[in-house]
Structures are given as C-alpha cells and as structure tokens.
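This report describes a protein structure by its parts. Look over the sequence and the model first, then read on.

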Amino acid sequence: MTSVNSKFNASNLTVLGIETSCDETAAAVVQGPVQKAILSNTIRSQIDEHTEFGGVVPEIAARAHIEILDRIVSEAMHEADCTWDDIDAVAATAGPGLIGGVIVGFMTAKAIAMAAGKPLVGVNHLEGHALTARLTDDLEFPFLLLLVSGGHSQFLLVRGVGDYERLGTTIDDAIGEAFDKTAKLLGLPYPGGPHVEKLATRGDVNRFRLPRPLLDRPGLDMSFAGLKTALRTQAKKLEPVDEQTVADLCVAFQRSVSDVLAARTKSALALFAERHPDAEPAIVVAGGVAANQEIRSALTAAAAEANARFVAPPMALCTDNAAMIAWAGIERLQLGPVDDMKLSPRPRWPLDQDKAGILGAGKKGAKV
Ligand code: KG4
Ligand code: ZN
C-alpha cells in the first residue's frame, strides 16, 4: 500500500467510508484498487462513555454517534484534502451491529450521497474486516479469516468479494465478550482484555487448569461461556481473592483461549488445504482480541506448523475503523455499479446466508 496522496489517478476510485456499528465513530477516505492509499482514517472511541456501565450501552452509543459524526466526516475529508468532487462514492456500514448506531451512520451516508450526487454502498461490517488484508497486504483470494472481537468470533473462508463461508463460530459468548466478563468478575475495568493480558504476565500458569470447551468435538465451532463459569467457580472457592490469585486466574483463562484458538486454527487450515489444494494457505486475524500477544503467538505458531502465511493487519485496521468500510466499498464497486439507496440498515446480517440464524443476541447482533 502506498501512502502517497494520489487522488487524481484516473483509474482509481476515491471512497468516503463511515463506520458506526458499535462504540467507535469513524470516517475515512481510501483510494484504490490500482494505487492503494488511505488518505485519512479518523476515529473517535466512546469507551469513556461506556466504562462505568461495564459494557457498551446501545442508547448512549447511538446518541454519541449523532453528536459527533458530522465532525468526524469533515475531519476525514479535510485530512484527505478532498472536496466532494474528488469522491467517487460513499460507503457506510449497513449492519450487523447495534441498530441505533448503524441507522445514524447509514442515514448520514445516504444524505451525503444524495446531496453530493454520489453512489451509495451499504457495506456489511464483517465484509469490511474480511477484505482489509487485501488493502494492507495485497492478499489474493481465497484465504481464511479469524475474526475475534467483542461481538464476533468466527472462522470465515473468504473466496471472493461477496463469497464467504462461515466455517465455525462461537456457540455462546464472543471471545472479547468472554475477556470482558472475566475481567468484570475479577473486579477489573472495561474493556477487560488488555487488563487480563497485563495481569496474566504476573500469573502462574500451572496453578489453575480451566477447560478447553468443545475441543473434544470435531468441527470449528467454539464456546467460551463455560470457561468463564469455570473461572467464577474457582474464584468463589478462594474468596476473598488476593492479587496473585487474580493474576493466576487471568493467565489460566488466557491460556485456555489461546489453546482453543490455536487448535481450531490448525483444523481450519487443514480444511482450507482440502478445499483449495492449489492455493497458498493464508490466515488473517482481525478484531480487538488480536492485540493479545499470547493469542497472536499461538496463532503464528499454528500457521507456521501448517506452512501457512499469517497476516495481522496493523491494529488500527484490525479493530473497527472506517478505512475497511471504504475499502470494501471500492471492492464492491469494482464488480459493477452499486446503488444501495433503498437498502435498510439491519442489526443482523450474516456474511454467509446459508449459515444464518445462530443462538442468542450479542452486543453486535447475533453472536456469529
Ligand atoms: O474489535 P474491537 O475493538 O471492537 C469490537 O468488539 O468490535 O474488540 C474489542 C474487544 C473487547 O472485548 C476487548 O476486551 C478485546 O477486544 N481486547 C482484548 C485485548 N485488547 C482488546 N482481548 C484480549 N487481549 C487484549 N490485549
Ligand atoms: Zn468489528
């Protein structure tokens, strides 16, 4: 990817992207596909507004998006040094996610597209994550994606733009959600992942042995709710829990999650090799949990063992952002004209329609 501002390259598209599906308000201007460049990538996290509630509060999120989105879009346009004339299309997340926020972002994008006379692309947020590695690492199809965030935990086979197969998913909590709930029950602040990771460095990994849920079963599905319950049971037995015990529980939890992810990654890569024997195997990791060093090392080792390429886009593009939405818009526009003015925002929108309908409702819709 080039960082050169080359917005006047005639064969390139310049797309404004908007992302509001969870607790980040984001806008970006991205160019491609010939000469790829992120001209701006503006983001404002709402974490401070949600911390005291121990998780994302949908109503607070929607209101915060309304208050700031105009400014974030202006900043992204300004930083990219673009006028509306330079923009070829507007792309915005149309789902899945917290519906209040999705409505704010998608309706704003509709208004901008209409006023500026540009085509509108309604992007599936998961597709944004799935295609990011083609912006950052020029990855060719097909490849595997492991998405591990606060709302999603899934293995996806990415065969092409709009051509996805979900190979496995959590059947209960998303991984980030499990980190957050574990942190909460150990008295650590939200979001819990980074706190659990930090304390884990001081923990004794041999003191507690937590389960590796579902690993005795074939397939690529995962489960994390039982792990959290097992941890709670251990903690209750030892109440009042001292600092060392908290660290020991953190490292045990983190090791279980890494083991489950590494084992499932090996199976996913074996399945990939069966399905696409002639393709160079590659696995991309995305989502906030990918920041975790132990998990990253476990995934890197699992990929190396299978002689597969391991791709982890820079963290700012791995977690929620609008550059990935703009890029997905560019990828979609390459396939032909798009006009999503009649598209409605949706809280649930599985990438793999054949596997639609999984249990429960996570913070971003179905826990898929
Ligand atoms: O992708 P993300 O920023 O937002 C969405 O959920 O869409 O992911 C946030 C999640 C939170 O649950 C957070 O606790 C987790 O990622 N997380 C981590 C770490 N950093 C963030 N989990 C484990 N270890 C970390 N270092
Ligand atoms: Zn996301």
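## An enclosed strand

In this predicted model, strand 7 (residues 153-160) has 7 of its 8 residues buried, so it is largely enclosed by the rest of the structure. Buried means under 20% relative accessible area, exposed over 50%, and partly exposed in between, using a 1.4 Å probe and protein chains only. Helices (H or I, at least four residues) and strands (E, at least two) are DSSP runs, numbered from the N terminus.

The model is predicted, so local features need pLDDT of at least 70 and side-chain atom pairs count only at pLDDT 80 or more, while totals for chains, interfaces and linings use all residues. Residues are numbered from 1 along each chain as its sequence is written, chains are lettered from A and ligands numbered from 1 in the order in which they are written, and side-chain values use heavy atoms, with hydrogens and water left out.

Strands of a sheet pair through backbone hydrogen bonds, either parallel or antiparallel. Here two strands count as paired if DSSP finds at least two bridges between them. Strand 6 (residues 143-148) pairs with strand 7 in the antiparallel sense over 6 bridges, and V148 stands opposite S153. These two strands form a hairpin with 4 residues between them.

Strand 7 is also joined to strand 8 (residues 163-169) by 6 bridges, again antiparallel. L156 has R166 as its bridge partner in strand 8. The hairpin of strands 7 and 8 has 2 residues between them, and G162 in the turn has a positive phi of about 80 degrees.

An open sheet of 5 strands has the order 3-2-1-4-5, with mixed pairing. Its edge strands, each pairing on one side only, are strand 3 (37-45) and strand 5 (120-124). Strand 4 (residues 89-95) runs parallel to strand 5, joined by 5 bridges, and V90 stands opposite L120.

Helix 4 (residues 125-136) packs on the sheet, touching strands 1, 2, 3, 4 and 5. Contact means heavy atoms within 4.5 Å. The direction of helix 4 makes about 95 degrees with that of strand 5; axes are lines fitted to C-alpha atoms, for helices over the stretch in contact, and angles run from 0 to 180 degrees between N-to-C directions.

## The zinc site

Which protein donors does the zinc ion (ligand 2) have? They are H125 (NE2), H129 (NE2) and D320 (OD), lying 2.1 Å from the ion. Donors are N, O and S atoms within 2.8 Å of the metal (3.2 Å for Na, K and Ca); water is not among the atoms, so sites may look incomplete.

H125 and H129 are 4 residues apart in helix 4, so about one helical turn separates them. H125 is buried at a relative accessible area of 0%, and H129 counts as buried at 3%.
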